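Have the sequence and the structure open as you read.

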Amino acid sequence: MPASKGYAASDNRTPLAPFAFSRREPGAAEITVEVLYCGVCHSDLHMARNEWGNAIYPMVPGHEIVGRVTAVGKSAKKFKAGDIAAIGVIVDSCRHCPPCKKGEEHFCQEGSTLTYAAKDRVDGSITMGGYSNNYVVDERFAHTVPAHLDLAAVAPLLCAGITTYSPLRHWKVGPGKKVGIVGLGGLGHMGLKFAHSFGAHTVQLTTSLKKKEDALKLGANEVVVSTDANAMKAHAGTFDFILDTASAPHSLDPYLSLLKQDGTITLVGLPEQPPCINMFALITKRASIAGSMIGGMPETQEMLEYCGQHKITADVEVIPIQKINEAFERMLKQDVKYRFVIDMSSLK
Ligand code: NAP
Ligand code: ZN
Ligand code: ZN
């Protein structure tokens, strides 16, 4: 059994601490990956603190994984030892339901298996995530990484990247569209880069005035401080699409007022409490509120290839694993530029 070590939450209050465990032996179609980098997603914090009520402890978080393949099962074809592989939010699914057959494994009708805090379909154990030295996964759920990208900056693409790429593609964001991104954090800064790259007129909506210069550098055509009522009023009724990545509870009303008739706001942020909505802001313009979750395996690979072609990666602050609890606290203070990534060599 591959011996593993990582950092785990033991309950919803105690800081993450070193933790030893073992993983199952890789099966025929599986690969073992030595984790090089793992991004720190706000979902890791929500999960570790049981803010969604589905935590299982001990919990090793982490679902933005880039690593080096150290072993391959006898029928694995996509990877060989020494290759770089990337793993995101899901590591298995039923594989036979209609969404799975279409490559939309994240919508698996039997429930996809999450990278951590989920029941492993193979052996019934609880999955442990990427804040650790290794991972064992079926190669169907691992991705190849385009050459010449900085691997630490690739890691966040596996969740923050695909979670923003997928809805921007689905709602056909591109030239001629005015698009807003709510929140300049891990997801938000990737949404901003993609919307800009797809050719939309992109407006960053932020509660942090001090992020304005950065937002412009990251590709925003305009920046609006969402707590400034006059600035928001100047944009009322002008947006085709808004992607809401905010991690904390908030009202949707200021953002609904920005939409054009038939405009859509898509929620990807998952605050502990649901939003409140003024129904009149919806009905008076036939606006839509939608949701979106990560992306399937083919679309995740497509997104990685797009990033390779367009040289898009995350802006990261690389930290040793020993700073993970500090990173969680800074994330809560909206003090992230714009994704923490753990250098897993610090675990030794
Ligand atoms: P993050 O890096 O901490 O960024 C969140 C940003 O939200 C903050 O930087 C802040 O940006 C903004 N924000 C915070 N409080 C706000 C408020 N009250 N009103 C408006 N904006 C506020 O978090 P993340 O990793 O990007 O994750 C964001 C959310 O997406 C989390 O809830 C996470 O669980 C969820 N998520 C969902 C999926 C999915 O598949 N749907 C996947 C991954 C993550 P400003 O300082 O610019 O205001
Ligand atoms: Zn995530
Ligand atoms: Zn399925």
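The text below covers metal sites, a helix and salt bridges.

First, the ground rules. This is a predicted model, in which local features need pLDDT of at least 70 and side-chain atom pairs count only at pLDDT 80 or more, while totals for chains, interfaces and linings use all residues. Residues are numbered from 1 along each chain as its sequence is written, chains are lettered from A and ligands numbered from 1 in the order in which they are written, and side-chain values use heavy atoms, with hydrogens and water left out.

**The zinc ions**

Let us begin with the zinc ion (ligand 3). The SG atoms of Cys 94, Cys 97, Cys 100 and Cys 108 coordinate this ion at 2.3 to 2.4 Å. Donors here are N, O and S atoms within 2.8 Å of the metal (3.2 Å for Na, K and Ca); water is not among the atoms, so sites may look incomplete. Along the chain, the donor residues follow the spacing C-x2-C-x2-C-x7-C. The arrangement is tetrahedral because the 4 donor atoms subtend angles of 104 to 121°. Four donors count as tetrahedral if all angles lie between 85 and 135 degrees. For reference, the ideal angle for four tetrahedral donors is 109.5 degrees. Cys 94 and Cys 100 are both buried, where buried means under 20% relative accessible area, exposed over 50%, and partly exposed in between (1.4 Å probe, protein chains only).

The zinc ion (ligand 2) has Cys 41 (SG), His 63 (NE2) and Cys 159 (SG) as its protein donors, 2.0 to 2.3 Å away. Their spacing in sequence is C-x21-H-x95-C. His 63 sits in the loop between helix 1 (42-48) and strand 4 (65-72), and Cys 159 in the loop between helix 3 (151-154) and helix 4 (160-170), so the pair ties together parts that are 96 residues apart in sequence. Helices (H or I, at least four residues) and strands (E, at least two) are DSSP runs, numbered from the N terminus. Both His 63 and Cys 159 are buried.

**Helix 4**

How many residues of helix 4 are buried? The count is 9 of its 11 residues, so helix 4 is mostly covered. Among the buried residues are Ala 160, Ile 162, Tyr 165 and Leu 168. The buried residues pack against several elements, including helix 5 (186-197), strand 14 (259-267) and helix 10 (297-310); contact means heavy atoms within 4.5 Å. After helix 4 comes Lys 172, with a positive phi near 55°.

**Salt bridges**

A salt bridge is a side-chain nitrogen of Lys or Arg within 4 Å of a carboxyl oxygen of Asp or Glu. The count by this rule is 16 salt bridges. Here are some of them:

| Pair | N to O distance |
|---|---|
| Arg 24 and Asp 123 | 3.9 Å |
| Glu 329 and Arg 49 | 2.8 Å |
| Asp 214 and Lys 337 | 3.5 Å |

Asp 214 lies in helix 6 (residues 212-218) and Lys 337 in the loop between helix 11 and strand 17, so this pair ties together parts 123 residues apart in sequence. Asp 214 is buried, with a relative accessible area of 18%. Arg 24 counts as buried at 16% relative accessibility, whereas Asp 123 counts as partly exposed at 40%.

Key. Four donors count as tetrahedral if all angles lie between 85 and 135 degrees; four count as square planar and six as octahedral if opposite donors are over 155 degrees apart and all others between 65 and 115; anything else is irregular.
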